[in-house]
Every structure is written in structure tokens, then in C-alpha cells.
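Reader: I'm new to this one. Could you show it to me and then take a few questions?

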Amino acid sequence: SGINAEYGIRSQLILTDVLQRNKERFFYSLARGYLECPNSVKVEVTMDRLGNTMEANMGSVNKKLYGNLHNDGHNVLATINDPDGRYAVDPGPMVANQVAPKDPVFYRWHKFVDAIFEAYRVNLQPYSVDDLKFGDIVVDHIETVAEDFKTDKNQNLVNNLYTYMMEKRYTI
């Protein structure tokens, strides 16, 4: 039994200094261009390795060293109103993927997560013209056509994007 166990949050408190340490380890590794494996072998940072390590999933380079920064941040923010469970307050929306975007702090948290990926991206070499060539493939013509879209007869459905909002009410 630990804090908010019914929500699947780890039983030990996730201390903000642990999040800070893991953040610093990511930026340290990005500045050097490598992530460190458990056996001290250094592997080049790639977008996949960075993403897997941020999520601490099966593809993580080193869960023990880098922690579970992204998800631990969600949990800290979800339980910030009762971090040790002493008041039996349910966690906020950040605890569940399905409703996390309903919490305004979700977007601030993901801006931080995006900043880590941006620190990696800015050090990548730009694409060259050759990188973007497709060999013998030539595009002669392309167009978009809206199908099954109810419009005024005067609206051109070729190469035009029409958007709309539909409202639906449900009785519960």
C-alpha cells in the first residue's frame, strides 16, 4: 500500500530532486552526443533511443541511470495536492493518459519534454538536397479532392480544404 496505489502510481514518493537529477543526466548526455548503457558503454543518441529512454520502456538504454522522467513527471503533477497520500485526495488528471490533456499543466509539462527533444534535434546536421531526392521518382501532378462533403454548389472541392465543427449532445 502506497500513495494512490489504486491508480497504479508507484508506492514510493517521486522526489522532485530525482526528477531534477534525471533531467540533468539527459541534458548532459545530449551535450556529449551519447547515452550511457548499464555496462558503461556509450551509445550514440538517436531519436528512438532518446524517446525510449525518456519513457523508460523496453528500448530504454539505461532505466536505472535516466529514470522514468516523462511518466514520473506526470505522476508528480497528478499527486502534487497530496503527494504522500495523508489526506486521501485522489490524483489529478495527469495520472491517466486518457484524461491528462484535460489538465492545463499537461501542456506545460510536454513543453518541457519537447525541450529535451529539441536539444537533441538542434545538433543534427540539416538534410542535404541529396538526402531529399527520390531517385527515379517524378511527381507529375498532385491534387486533393474533398469527397462526400456537403457544400454550396459554387465551392470548388479540388485543392481546397474545408473544415467545420459539429456539435453532438449526449444524454447520460
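**Helix 2 and beyond**

Author: Helix 1 (16-32), strand 1 (34-36), helix 3 (63-66), helix 4 and helix 5 are among what covers the buried residues of helix 2, where covering goes by contact, meaning heavy atoms within 4.5 Å. This is a predicted model, where local features need pLDDT of at least 70, side-chain atom pairs count only at pLDDT 80 or more, and totals for chains, interfaces and linings use all residues. Residues are numbered from 1 along each chain as its sequence is written, and side-chain values use heavy atoms, with hydrogens and water left out.

Reader: Within what arc do the buried residues of helix 2 fall?

Author: Buried means under 20% relative accessible area, exposed over 50%, partly exposed in between (1.4 Å probe, protein chains only). In helix 2 (residues 47-55), that label goes to Leu50, Gly51, Thr53 and Met54. Looking down the axis, they line one face of the helix, because they fall within an arc of 170°.

Reader: Is Phe134 buried or exposed?

Author: Phe134 lies in the segment after helix 5. With a relative accessible area of 64%, Phe134 is exposed.

Definitions and conventions:
Helices (H or I, at least four residues) and strands (E, at least two) are DSSP runs, numbered from the N terminus. The arc is that of the directions from the helix axis to the C-beta atoms.
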